[in-house]
Each structure stands twice: as structure tokens, then as C-alpha cells.
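User: Could you walk me through this model, starting at the beginning of the chain?

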Amino acid sequence: LQQLLDTQAIQKAIATSARALDRLDEKMLRGVFHPGSKHAHFFEGPSSDPALPSKPGEPLDFVAFAFDVLRCHSRTHHQLGQMLIEFESATVAFAETYFTAHHRQRQIGDKLAGATACDTEMDYFVGGRYVDRFEKRKGVWKITHRTGMTDWTRLEAPSSAGFDSIADAQLGKRGKKDMVYRARQLYLGGPLRRADSARGRPALFIFRLRLAAPTPARHRGANSSKPCPMAPRRPWGAGSPSTPVPRSGSGHGIGPG
């Protein structure tokens, strides 16, 4: 029974890390790592150490690095897949979690665009695995080492047919503006439930598909006359796609997964 409870606690920590990335919730993301945790996922160094003097573009821990990178995208979506958890002891466990992540890359001209931005927004996809070491300290399971494995990537012109027709209340947002932070209030008699009850029907939204061919995207700089490829040449501009970037490598256009 205890191992089942521990498994659930580890699964919750991994799911929490995905929510924190997509909602850009720094406090939540720092909360899944034990002090001293190490990271190797396009960044090598501490997972979370808020005492370090990180600056925009000069991250000294993974959390600061990830937020620098994610701001180069207008939205992200991390989907978790199968998960294998193996216990080394009552206080140490290892977990492998498959993930697929989508990043809507900002375009040239956007003040938050990264170094790999194109003339239009782009959709960057990455599939990989989180390989984590967990420890249970004072009854709480948190990550002590995370390595991000990349299994595939894809970069393509964006397609958002019908997206602009979705009701704003049902659109995912970053920070506390996202509905999930108000779900308890809304489901326990909050404004959304009262409004729906008054109408006597659930809130609905309709997709109006607009099947227009995407505008060809182009790289910035000397190659701006050439269309963007379907996959990035060197996602972080430092070494091969599998090589973690140094601490100074933040601010690029591709997401950390």
C-alpha cells in the first residue's frame, strides 16, 4: 500500500512540473525539486536554486533557463505519456516518463522572439523522455536529478484552423489567468456555474474552420529569402541537437521540452 501511495506522489510531481512549464508558474516548478537537484536538459547545472543571481539571458539554474526559453513562445503544451517507476528503496526511486511537447514559436518582430525566429510563427514539436531520480525527504517525494532525452523533433508552418473562434474562457493561458487556478471556485458555485444555470444550458463554443494555406515562413538574417526547414538544424545554436547548451545559451527560439 505504501508503495502505491509513493507511486502516486511521484506521478503528481511529474504532472505538476508539466503544468508549471505551460502556465509559466515559477513557484510551482521550483516546488518539484529538492535542494541540490541537478539537471541535464539543454542546460547542465542546478535544477532550482533561487538564491543564484540569474538574469534574463544569463540563467544560473534550469528553472531560470526554461523560463527564458519558454517566453520565446506564445504558448506551449506538454503532454505526458507512459510512465515507469522503479523503487531502489523506501526513499529512492527512478522514473522514466514519455512526453510530447508543442511550442508556438514567436515570429520576427515580436520583442520576445528568440534567435531562431522566422518571418511567421512556427510550430515546434519535440518528443522525448524525462529520466528522473526521486528522493523522499521528510515524507515528501521530489526530483534530485532530471535528464531530458530527445527522441524526435519537428518544425513546421503553423496551423490553427478554428482557434480564434474558441471562447476566451476556454483558451489556455499563462499564469493565474488560466481557468485551472479558479476551477474550485467556478465548480463550487462561482460565476461560471451561476451564468450557465441562469441560461439553463452548458456554455458552448463553435469552431469556424478557415482552411487557408499557411504563409511560407522564412528565417531571419542573411538567409531570410529561404523558407524555414521542417526541422531545426541545430536547435540551440550550440553543438549538436543532443548536446546541452552552456548556461549562457538561453533565449533561443526552440523550447526545452
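User: Which helix does L4 lie in?
Analyst: L4 lies in helix α1, which covers residues 2-23; helices (H or I, at least four residues) and strands (E, at least two) are DSSP runs numbered from the N terminus. The model is predicted, so to speak of local features takes pLDDT of at least 70 and side-chain atom pairs count only at pLDDT 80 or more, whereas totals for chains, interfaces and linings use all residues. Residues are numbered from 1 along each chain as its sequence is written, and side-chain values use heavy atoms, leaving out hydrogens and water.

User: And is L4 buried or exposed?
Analyst: L4 is exposed, because its relative accessible area is 62%, where exposed means over 50%, buried under 20% and partly exposed in between (1.4 Å probe, protein chains only).

User: OK, the overall fold: what order do the elements run in?
Analyst: From the N terminus they run α-α-β-β-α-β-β-β-β-α-α, giving five helices and six strands.

User: Which residues touch the most other members of the largest nonpolar core?
Analyst: They are I10, L29 and F134, in a core of 32 residues; such a core is a set of buried Ala, Val, Leu, Ile, Met, Phe, Trp, Tyr and Cys residues joined through side-chain atoms within 4.5 Å. At least two residues each come from α1, α2 (26-30), α3 (62-70), β4 (92-105), β5 (122-137) and β6 (140-156), and α3 supplies the largest share, seven residues.

User: What does F134 touch?
Analyst: Not counting residues up to four places away in sequence, F134 touches, among others, I10, A13, I14, V92 and W141, with contact meaning heavy atoms within 4.5 Å.
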